[in-house]
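Q: I'd like to learn how to read aromatic pairs and charged patches in a model. Can you walk me through it with the structure in view?

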Amino acid sequence: MNITQEKTGNLNAVVKIKIAPADYTGKVEKAIKDQAKKAQLPGFRKGMVPAAHIKKMYGKSILVEEVNNLLNDTLSNYIAEQKIEILGQPLPKMDDEREFKWDNTDDFEFDYELGLAPAFDVNLSSKDKFTEYVIKADQETLESRIKNIRRSYGKMTNPEVSADDDVLYAELNQVTEDGTAVEGGITSTASVRLDQIKDKKILKSLIGLKKDDEVTIDIQKAFEDAAVIAKALNISEEEAAALKANFKLHVKNVNRLEESDLNQEFFDKLFGEGTVTDEAGFKARITEEVEGMFKQDAERKLSNDIYEALLAKHTFELPDEFLRRWLKATNEKLTDEELAEGYDDFAKNLKWTLIENKIIKDNSIEIKYEDVVQAAKAKLDAQFRMYSPSPLPEDQLAQYAVQFLQEKENANRVFEEVKALKTFEQIKSVVTLEQKDIDYDKFVALVEKKA
(Lines give C-alpha, C1' and ligand atoms only; values in the text may rest on other atoms or scores of the structure.)
Protein backbone atom coordinates (compact mmCIF):
# COMPACT_ATOMS: atom_id res chain seq x y z
CA MET A 1 0.00 0.00 0.00
CA ASN A 2 1.20 3.50 -0.82
CA ILE A 3 -0.21 6.77 0.52
CA THR A 4 0.96 10.26 -0.39
CA GLN A 5 -0.19 13.83 0.16
CA GLU A 6 -0.02 16.67 -2.33
CA LYS A 7 -0.69 20.28 -1.36
CA THR A 8 -3.01 21.96 -3.87
CA GLY A 9 -3.18 25.31 -2.11
CA ASN A 10 -2.53 26.94 1.26
CA LEU A 11 -5.57 25.24 2.80
CA ASN A 12 -6.18 22.34 0.42
CA ALA A 13 -4.54 18.98 -0.19
CA VAL A 14 -5.15 15.71 -2.00
CA VAL A 15 -4.30 12.36 -0.42
CA LYS A 16 -3.64 9.52 -2.88
CA ILE A 17 -4.05 5.95 -1.69
CA LYS A 18 -2.81 3.03 -3.84
CA ILE A 19 -3.91 -0.47 -2.86
CA ALA A 20 -2.50 -3.67 -4.33
CA PRO A 21 -4.13 -7.14 -4.22
CA ALA A 22 -1.71 -8.13 -1.44
CA ASP A 23 -3.25 -5.41 0.75
CA TYR A 24 -6.81 -6.68 0.55
CA THR A 25 -6.79 -10.37 -0.51
CA GLY A 26 -6.36 -11.73 3.01
CA LYS A 27 -9.16 -9.56 4.38
CA VAL A 28 -11.51 -10.57 1.57
CA GLU A 29 -10.81 -14.31 2.05
CA LYS A 30 -11.39 -14.03 5.79
CA ALA A 31 -14.67 -12.14 5.23
CA ILE A 32 -15.82 -14.84 2.76
CA LYS A 33 -15.04 -17.62 5.28
CA ASP A 34 -16.83 -15.76 8.06
CA GLN A 35 -19.84 -15.29 5.81
CA ALA A 36 -19.83 -19.00 4.92
CA LYS A 37 -19.99 -19.95 8.62
CA LYS A 38 -23.07 -17.77 9.16
CA ALA A 39 -24.86 -18.25 5.83
CA GLN A 40 -28.21 -20.04 5.60
CA LEU A 41 -28.81 -21.06 1.98
CA PRO A 42 -31.21 -23.61 0.48
CA GLY A 43 -29.54 -27.01 0.08
CA PHE A 44 -26.87 -26.39 2.71
CA ARG A 45 -26.81 -26.84 6.45
CA LYS A 46 -26.02 -23.70 8.47
CA GLY A 47 -22.27 -23.17 8.62
CA MET A 48 -21.60 -25.73 5.88
CA VAL A 49 -21.86 -23.48 2.82
CA PRO A 50 -18.62 -23.81 0.77
CA ALA A 51 -16.52 -20.63 0.69
CA ALA A 52 -16.30 -20.94 -3.10
CA HIS A 53 -20.10 -20.76 -3.30
CA ILE A 54 -20.18 -17.59 -1.14
CA LYS A 55 -17.43 -16.08 -3.27
CA LYS A 56 -19.37 -16.80 -6.45
CA MET A 57 -22.57 -15.26 -5.09
CA TYR A 58 -21.28 -12.38 -2.97
CA GLY A 59 -17.58 -12.08 -3.77
CA LYS A 60 -17.78 -8.69 -5.51
CA SER A 61 -19.89 -7.02 -2.80
CA ILE A 62 -17.59 -8.41 -0.10
CA LEU A 63 -14.56 -7.13 -2.02
CA VAL A 64 -16.11 -3.65 -2.32
CA GLU A 65 -16.93 -3.57 1.38
CA GLU A 66 -13.46 -4.68 2.47
CA VAL A 67 -11.70 -2.22 0.15
CA ASN A 68 -13.90 0.59 1.52
CA ASN A 69 -13.12 -0.45 5.11
CA LEU A 70 -9.41 -0.55 4.28
CA LEU A 71 -9.59 2.88 2.67
CA ASN A 72 -11.40 4.44 5.63
CA ASP A 73 -8.99 2.95 8.19
CA THR A 74 -5.93 3.89 6.13
CA LEU A 75 -7.06 7.47 5.61
CA SER A 76 -8.07 7.99 9.24
CA ASN A 77 -4.80 6.54 10.54
CA TYR A 78 -2.75 8.61 8.09
CA ILE A 79 -4.44 11.86 9.12
CA ALA A 80 -3.92 11.01 12.81
CA GLU A 81 -0.29 9.91 12.39
CA GLN A 82 0.64 12.93 10.28
CA LYS A 83 -1.25 15.21 12.70
CA ILE A 84 -3.10 16.86 9.84
CA GLU A 85 -5.72 19.31 11.14
CA ILE A 86 -8.64 19.06 8.76
CA LEU A 87 -11.97 20.85 8.50
CA GLY A 88 -15.05 18.81 7.67
CA GLN A 89 -14.31 15.33 6.33
CA PRO A 90 -12.23 14.08 3.36
CA LEU A 91 -14.14 14.13 0.07
CA PRO A 92 -13.46 11.41 -2.52
CA LYS A 93 -12.49 12.77 -5.94
CA MET A 94 -14.48 11.23 -8.75
CA ASP A 95 -12.45 10.05 -11.75
CA ASP A 96 -14.61 8.77 -14.61
CA GLU A 97 -11.54 7.53 -16.49
CA ARG A 98 -10.66 4.97 -13.83
CA GLU A 99 -12.44 1.67 -14.19
CA PHE A 100 -11.92 -1.33 -11.90
CA LYS A 101 -12.77 -4.94 -12.67
CA TRP A 102 -13.42 -5.84 -9.02
CA ASP A 103 -12.16 -9.38 -9.61
CA ASN A 104 -9.51 -9.54 -6.84
CA THR A 105 -6.68 -8.60 -9.21
CA ASP A 106 -7.12 -4.82 -9.32
CA ASP A 107 -4.55 -2.26 -8.27
CA PHE A 108 -6.78 0.45 -6.84
CA GLU A 109 -6.02 4.16 -6.62
CA PHE A 110 -8.28 6.59 -4.80
CA ASP A 111 -7.90 10.34 -4.27
CA TYR A 112 -9.36 12.35 -1.40
CA GLU A 113 -9.61 16.11 -1.08
CA LEU A 114 -8.82 17.63 2.30
CA GLY A 115 -9.72 21.05 3.66
CA LEU A 116 -6.93 22.12 6.00
CA ALA A 117 -7.29 24.17 9.16
CA PRO A 118 -5.35 27.45 9.00
CA ALA A 119 -2.33 28.02 11.25
CA PHE A 120 -2.67 31.11 13.45
CA ASP A 121 -1.89 32.46 16.90
CA VAL A 122 -4.40 33.95 19.32
CA ASN A 123 -3.03 37.33 20.38
CA LEU A 124 -4.45 38.54 23.68
CA SER A 125 -3.03 40.87 26.32
CA SER A 126 -4.01 43.44 28.93
CA LYS A 127 -4.12 45.97 26.11
CA ASP A 128 -7.39 44.36 24.99
CA LYS A 129 -10.07 46.18 27.00
CA PHE A 130 -13.73 45.30 27.52
CA THR A 131 -16.55 46.82 29.58
CA GLU A 132 -18.01 44.57 32.26
CA TYR A 133 -21.44 45.97 33.11
CA VAL A 134 -22.88 45.72 36.63
CA ILE A 135 -26.65 46.01 36.22
CA LYS A 136 -28.61 47.51 39.10
CA ALA A 137 -32.16 46.37 39.87
CA ASP A 138 -34.69 49.17 39.38
CA GLN A 139 -37.69 49.62 41.65
CA GLU A 140 -40.24 48.54 39.02
CA THR A 141 -38.49 45.23 38.37
CA LEU A 142 -38.13 44.53 42.10
CA GLU A 143 -41.78 45.28 42.77
CA SER A 144 -42.88 43.03 39.90
CA ARG A 145 -40.72 40.15 41.13
CA ILE A 146 -41.92 40.55 44.73
CA LYS A 147 -45.53 40.62 43.55
CA ASN A 148 -45.10 37.40 41.53
CA ILE A 149 -43.45 35.59 44.44
CA ARG A 150 -46.12 36.68 46.90
CA ARG A 151 -48.80 35.48 44.47
CA SER A 152 -47.05 32.12 44.08
CA TYR A 153 -47.60 31.55 47.81
CA GLY A 154 -50.95 33.34 48.02
CA LYS A 155 -54.48 31.97 48.03
CA MET A 156 -57.26 32.01 45.43
CA THR A 157 -60.42 34.05 46.16
CA ASN A 158 -63.59 34.82 44.20
CA PRO A 159 -64.42 38.52 44.48
CA GLU A 160 -67.77 39.80 43.25
CA VAL A 161 -66.24 42.40 40.89
CA SER A 162 -63.19 42.02 38.62
CA ALA A 163 -60.11 44.23 39.01
CA ASP A 164 -56.60 44.56 37.52
CA ASP A 165 -54.70 41.25 37.22
CA ASP A 166 -57.78 39.10 37.98
CA VAL A 167 -58.64 36.01 35.96
CA LEU A 168 -62.07 35.74 34.35
CA TYR A 169 -63.37 32.21 33.98
CA ALA A 170 -65.56 32.81 30.96
CA GLU A 171 -67.37 31.39 27.97
CA LEU A 172 -66.22 32.80 24.61
CA ASN A 173 -68.61 32.70 21.63
CA GLN A 174 -67.80 34.01 18.15
CA VAL A 175 -70.26 36.73 17.06
CA THR A 176 -70.81 39.07 14.11
CA GLU A 177 -70.28 42.84 14.32
CA ASP A 178 -73.90 43.33 15.46
CA GLY A 179 -73.47 40.74 18.22
CA THR A 180 -75.30 37.84 16.55
CA ALA A 181 -73.85 34.38 17.18
CA VAL A 182 -71.93 33.01 14.18
CA GLU A 183 -73.44 29.74 12.99
CA GLY A 184 -70.81 27.03 13.40
CA GLY A 185 -68.50 29.64 14.97
CA ILE A 186 -65.85 29.03 17.61
CA THR A 187 -67.01 28.42 21.18
CA SER A 188 -64.70 27.90 24.12
CA THR A 189 -64.59 28.07 27.90
CA ALA A 190 -61.30 29.48 29.17
CA SER A 191 -59.52 31.38 31.91
CA VAL A 192 -58.88 34.90 30.60
CA ARG A 193 -55.97 36.58 32.39
CA LEU A 194 -56.43 40.35 32.48
CA ASP A 195 -52.67 40.91 32.70
CA GLN A 196 -52.43 39.44 29.17
CA ILE A 197 -54.87 41.95 27.65
CA LYS A 198 -52.86 44.34 25.45
CA ASP A 199 -55.55 46.83 24.37
CA LYS A 200 -56.19 49.42 27.12
CA LYS A 201 -59.78 50.10 26.02
CA ILE A 202 -60.67 46.38 26.07
CA LEU A 203 -58.92 45.95 29.43
CA LYS A 204 -61.00 48.79 30.89
CA SER A 205 -64.19 47.06 29.66
CA LEU A 206 -63.23 43.88 31.51
CA ILE A 207 -62.68 45.58 34.86
CA GLY A 208 -65.69 45.88 37.15
CA LEU A 209 -67.48 42.82 35.75
CA LYS A 210 -69.56 40.44 37.86
CA LYS A 211 -70.70 36.87 37.34
CA ASP A 212 -73.01 36.53 34.27
CA ASP A 213 -71.94 39.91 32.82
CA GLU A 214 -71.23 39.94 29.08
CA VAL A 215 -68.80 41.98 26.99
CA THR A 216 -67.96 41.78 23.26
CA ILE A 217 -64.26 42.01 22.40
CA ASP A 218 -62.05 41.94 19.31
CA ILE A 219 -59.92 38.88 20.03
CA GLN A 220 -56.87 40.06 18.05
CA LYS A 221 -56.81 43.52 19.64
CA ALA A 222 -57.34 42.02 23.06
CA PHE A 223 -54.33 39.65 23.06
CA GLU A 224 -52.16 40.25 19.95
CA ASP A 225 -50.34 36.99 20.80
CA ALA A 226 -51.40 34.03 18.61
CA ALA A 227 -50.28 31.50 21.23
CA VAL A 228 -52.50 33.07 23.91
CA ILE A 229 -55.47 33.23 21.51
CA ALA A 230 -54.92 29.61 20.45
CA LYS A 231 -54.94 28.44 24.06
CA ALA A 232 -58.07 30.44 24.96
CA LEU A 233 -60.05 29.23 21.95
CA ASN A 234 -58.56 25.72 21.74
CA ILE A 235 -57.40 26.17 18.13
CA SER A 236 -54.02 26.00 16.38
CA GLU A 237 -51.60 28.96 16.46
CA GLU A 238 -51.87 29.20 12.66
CA GLU A 239 -55.65 29.52 12.90
CA ALA A 240 -55.33 32.00 15.76
CA ALA A 241 -52.90 34.22 13.81
CA ALA A 242 -55.31 34.43 10.88
CA LEU A 243 -58.48 34.85 12.97
CA LYS A 244 -60.21 38.22 12.75
CA ALA A 245 -63.38 38.01 14.80
CA ASN A 246 -65.36 39.40 17.70
CA PHE A 247 -66.23 37.22 20.69
CA LYS A 248 -68.89 37.61 23.34
CA LEU A 249 -67.30 37.00 26.73
CA HIS A 250 -69.76 35.65 29.31
CA VAL A 251 -68.34 35.76 32.87
CA LYS A 252 -68.89 32.52 34.78
CA ASN A 253 -66.64 33.41 37.70
CA VAL A 254 -64.06 35.97 38.86
CA ASN A 255 -60.85 34.54 40.28
CA ARG A 256 -58.22 36.49 42.17
CA LEU A 257 -54.88 35.30 43.47
CA GLU A 258 -54.30 37.18 46.72
CA GLU A 259 -50.72 37.99 47.63
CA SER A 260 -49.21 36.17 50.59
CA ASP A 261 -48.64 38.21 53.77
CA LEU A 262 -45.05 39.23 54.49
CA ASN A 263 -44.79 37.18 57.67
CA GLN A 264 -42.35 34.66 59.15
CA GLU A 265 -44.26 31.67 57.76
CA PHE A 266 -43.87 33.11 54.24
CA PHE A 267 -40.16 33.88 54.74
CA ASP A 268 -39.49 30.36 56.08
CA LYS A 269 -41.22 28.75 53.08
CA LEU A 270 -39.06 30.76 50.71
CA PHE A 271 -35.64 30.67 52.31
CA GLY A 272 -35.70 28.07 55.07
CA GLU A 273 -36.51 28.46 58.75
CA GLY A 274 -35.07 31.57 60.36
CA THR A 275 -32.91 32.58 57.37
CA VAL A 276 -34.90 35.78 56.77
CA THR A 277 -36.78 37.41 59.64
CA ASP A 278 -38.09 40.73 58.34
CA GLU A 279 -39.28 42.62 55.26
CA ALA A 280 -35.93 44.35 54.80
CA GLY A 281 -34.12 41.00 54.69
CA PHE A 282 -36.71 39.67 52.26
CA LYS A 283 -36.22 42.61 49.88
CA ALA A 284 -32.46 42.27 50.14
CA ARG A 285 -32.65 38.62 49.11
CA ILE A 286 -34.97 39.39 46.19
CA THR A 287 -32.66 42.22 45.08
CA GLU A 288 -29.75 39.76 45.16
CA GLU A 289 -31.74 37.23 43.11
CA VAL A 290 -32.85 39.79 40.51
CA GLU A 291 -29.36 41.24 40.14
CA GLY A 292 -28.06 37.68 39.86
CA MET A 293 -30.34 37.21 36.83
CA PHE A 294 -29.14 40.55 35.48
CA LYS A 295 -25.58 39.36 35.93
CA GLN A 296 -26.26 36.59 33.44
CA ASP A 297 -27.41 39.22 30.92
CA ALA A 298 -24.25 41.26 31.55
CA GLU A 299 -22.03 38.18 31.17
CA ARG A 300 -23.83 37.30 27.93
CA LYS A 301 -23.10 40.77 26.55
CA LEU A 302 -19.45 40.64 27.66
CA SER A 303 -19.03 37.23 26.01
CA ASN A 304 -20.61 38.53 22.80
CA ASP A 305 -18.35 41.61 22.82
CA ILE A 306 -15.29 39.36 23.25
CA TYR A 307 -16.55 37.01 20.53
CA GLU A 308 -16.98 39.82 18.00
CA ALA A 309 -13.67 41.48 18.92
CA LEU A 310 -11.63 38.28 18.59
CA LEU A 311 -13.23 37.42 15.26
CA ALA A 312 -12.43 40.89 13.97
CA LYS A 313 -8.87 40.65 15.27
CA HIS A 314 -8.08 37.20 13.82
CA THR A 315 -8.85 37.38 10.11
CA PHE A 316 -7.48 34.05 8.88
CA GLU A 317 -8.88 32.36 5.78
CA LEU A 318 -10.79 29.09 5.43
CA PRO A 319 -10.88 26.60 2.53
CA ASP A 320 -14.26 28.03 1.55
CA GLU A 321 -14.81 26.23 -1.75
CA PHE A 322 -13.98 22.87 -0.18
CA LEU A 323 -16.27 23.56 2.77
CA ARG A 324 -19.14 24.50 0.46
CA ARG A 325 -18.73 21.19 -1.42
CA TRP A 326 -18.48 19.30 1.85
CA LEU A 327 -21.68 20.88 3.19
CA LYS A 328 -23.51 19.94 -0.01
CA ALA A 329 -22.11 16.40 0.05
CA THR A 330 -23.14 15.78 3.66
CA ASN A 331 -26.53 17.53 3.53
CA GLU A 332 -28.48 16.11 0.60
CA LYS A 333 -31.48 18.39 1.15
CA LEU A 334 -29.38 21.57 1.29
CA THR A 335 -30.21 23.78 -1.70
CA ASP A 336 -27.78 26.14 -3.41
CA GLU A 337 -29.86 29.08 -2.18
CA GLU A 338 -29.76 27.87 1.43
CA LEU A 339 -26.01 27.30 1.17
CA ALA A 340 -25.44 30.79 -0.22
CA GLU A 341 -27.58 32.39 2.51
CA GLY A 342 -26.16 30.39 5.41
CA TYR A 343 -22.49 29.94 4.55
CA ASP A 344 -21.25 33.21 6.08
CA ASP A 345 -22.79 32.34 9.47
CA PHE A 346 -21.37 28.81 9.23
CA ALA A 347 -17.89 30.18 8.46
CA LYS A 348 -18.12 32.68 11.31
CA ASN A 349 -19.04 29.95 13.81
CA LEU A 350 -16.29 27.69 12.46
CA LYS A 351 -13.71 30.46 12.87
CA TRP A 352 -14.78 30.95 16.47
CA THR A 353 -14.53 27.20 17.11
CA LEU A 354 -10.96 27.26 15.79
CA ILE A 355 -10.10 30.23 18.03
CA GLU A 356 -11.73 28.49 20.99
CA ASN A 357 -9.84 25.23 20.35
CA LYS A 358 -6.58 27.13 19.98
CA ILE A 359 -7.05 28.85 23.35
CA ILE A 360 -7.88 25.53 25.02
CA LYS A 361 -4.85 23.81 23.47
CA ASP A 362 -2.37 26.63 24.14
CA ASN A 363 -3.42 26.88 27.79
CA SER A 364 -3.81 23.11 28.43
CA ILE A 365 -7.40 23.61 29.61
CA GLU A 366 -9.11 20.39 30.76
CA ILE A 367 -12.84 19.74 30.73
CA LYS A 368 -13.61 17.09 33.33
CA TYR A 369 -16.76 15.06 33.85
CA GLU A 370 -17.23 16.75 37.23
CA ASP A 371 -17.35 20.13 35.46
CA VAL A 372 -20.10 18.90 33.14
CA VAL A 373 -22.14 17.49 36.05
CA GLN A 374 -21.88 20.77 37.99
CA ALA A 375 -22.98 22.71 34.90
CA ALA A 376 -25.96 20.40 34.42
CA LYS A 377 -26.94 20.85 38.07
CA ALA A 378 -26.76 24.63 37.75
CA LYS A 379 -28.89 24.53 34.58
CA LEU A 380 -31.56 22.35 36.19
CA ASP A 381 -31.52 24.37 39.43
CA ALA A 382 -32.19 27.55 37.45
CA GLN A 383 -35.11 25.88 35.66
CA PHE A 384 -36.68 24.66 38.90
CA ARG A 385 -36.30 28.10 40.51
CA MET A 386 -38.44 29.58 37.75
CA TYR A 387 -41.37 27.75 39.36
CA SER A 388 -40.28 27.83 42.99
CA PRO A 389 -37.67 30.00 44.73
CA SER A 390 -36.98 27.16 47.17
CA PRO A 391 -33.96 25.10 46.04
CA LEU A 392 -34.12 21.36 45.47
CA PRO A 393 -32.23 19.13 47.94
CA GLU A 394 -28.65 18.56 46.74
CA ASP A 395 -29.01 14.75 46.41
CA GLN A 396 -32.20 15.11 44.35
CA LEU A 397 -30.60 17.75 42.09
CA ALA A 398 -27.57 15.48 41.55
CA GLN A 399 -29.85 12.58 40.59
CA TYR A 400 -31.72 14.74 38.06
CA ALA A 401 -28.39 15.92 36.60
CA VAL A 402 -27.14 12.37 36.04
CA GLN A 403 -30.42 11.41 34.36
CA PHE A 404 -30.27 14.55 32.22
CA LEU A 405 -26.74 13.76 31.01
CA GLN A 406 -27.66 10.22 30.00
CA GLU A 407 -29.19 11.76 26.88
CA LYS A 408 -26.29 12.13 24.45
CA GLU A 409 -27.65 15.37 23.00
CA ASN A 410 -27.92 16.93 26.47
CA ALA A 411 -24.42 15.77 27.41
CA ASN A 412 -22.91 17.21 24.22
CA ARG A 413 -24.69 20.52 24.67
CA VAL A 414 -23.58 20.92 28.30
CA PHE A 415 -20.01 19.88 27.36
CA GLU A 416 -19.92 22.66 24.74
CA GLU A 417 -21.29 25.13 27.29
CA VAL A 418 -18.55 24.21 29.78
CA LYS A 419 -15.96 24.45 27.02
CA ALA A 420 -17.19 27.95 26.11
CA LEU A 421 -17.26 28.98 29.77
CA LYS A 422 -13.67 27.87 30.38
CA THR A 423 -12.54 29.59 27.19
CA PHE A 424 -14.08 32.91 28.24
CA GLU A 425 -12.68 32.53 31.76
CA GLN A 426 -9.20 32.18 30.25
CA ILE A 427 -9.73 35.20 28.00
CA LYS A 428 -11.03 37.33 30.89
CA SER A 429 -7.97 36.40 32.97
CA VAL A 430 -5.73 37.99 30.32
CA VAL A 431 -7.62 41.03 28.99
CA THR A 432 -8.53 44.17 30.97
CA LEU A 433 -12.11 44.35 32.25
CA GLU A 434 -13.42 47.77 33.20
CA GLN A 435 -16.50 47.59 35.43
CA LYS A 436 -19.34 50.02 34.88
CA ASP A 437 -22.60 50.37 36.83
CA ILE A 438 -25.69 50.74 34.67
CA ASP A 439 -29.47 50.80 35.20
CA TYR A 440 -31.36 47.89 33.70
CA ASP A 441 -33.41 49.97 31.22
CA LYS A 442 -30.24 51.68 29.93
CA PHE A 443 -28.56 48.31 29.59
CA VAL A 444 -31.50 46.96 27.56
CA ALA A 445 -31.37 50.03 25.30
CA LEU A 446 -27.62 49.52 24.83
CA VAL A 447 -28.07 45.87 23.82
CA GLU A 448 -30.95 46.68 21.45
CA LYS A 449 -28.94 49.46 19.82
CA LYS A 450 -26.08 47.06 18.99
CA ALA A 451 -28.38 44.22 17.88
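Predicted model: local features only at pLDDT ≥ 70, side-chain atom pairs only at ≥ 80, totals over all residues.

Q: How many aromatic pairs does a search of the whole structure find?
A: It turns up 18 aromatic pairs. Take Phe100 and Trp102: the ring centres are 6.1 Å apart and the planes sit at 80°, so this one is edge-to-face.

Q: Which pair links distant parts of the chain?
A: In general, you describe a pair of aromatic rings by the distance of the centres and the angle of the planes. Tyr307 and Trp352 come out at 5.1 Å centre to centre with 65° between the planes, an edge-to-face pair. Tyr307 is in helix 9 and Trp352 in helix 11, 45 residues apart. Tyr307 counts as buried at 15% relative accessibility, and Trp352 is buried at 9%.

Q: And the charges: which residues gather in a patch of negative charge?
A: Lys and Arg count as positive, Asp and Glu as negative. Here Glu140, Glu143, Asp437, Asp439 and Asp441 form the negative patch on the surface. Helix 3 (139-152) and strand 11 (432-439) each contribute at least two of its residues. Glu140, for one, lies in helix 3 and is exposed, because its relative accessibility is 63%.

How values were computed:
Residues numbered from 1 in each chain as written. Heavy atoms only, no water. Patch = residues over 30% accessible without salt bridge, like charges linked within 9 Å, V, L, I, M, F, W, Y side chains within 5 Å. Areas by Shrake-Rupley, 256 points an atom, 1.4 Å probe, with all protein chains shown as cover. Salt bridge = Lys/Arg side-chain N within 4 Å of Asp/Glu carboxyl O. Charge placed at Lys NZ, Arg CZ, Asp CG, Glu CD. Helix = DSSP H or I, 4+ residues; strand = E, 2+ residues; numbered from the N terminus. Buried < 20%, exposed > 50% of the residue type's maximum accessible area, 1.4 Å probe, protein only. Phe/Tyr/Trp six-rings, centres within 6.5 Å; stacked < 30°, edge-to-face > 60°.
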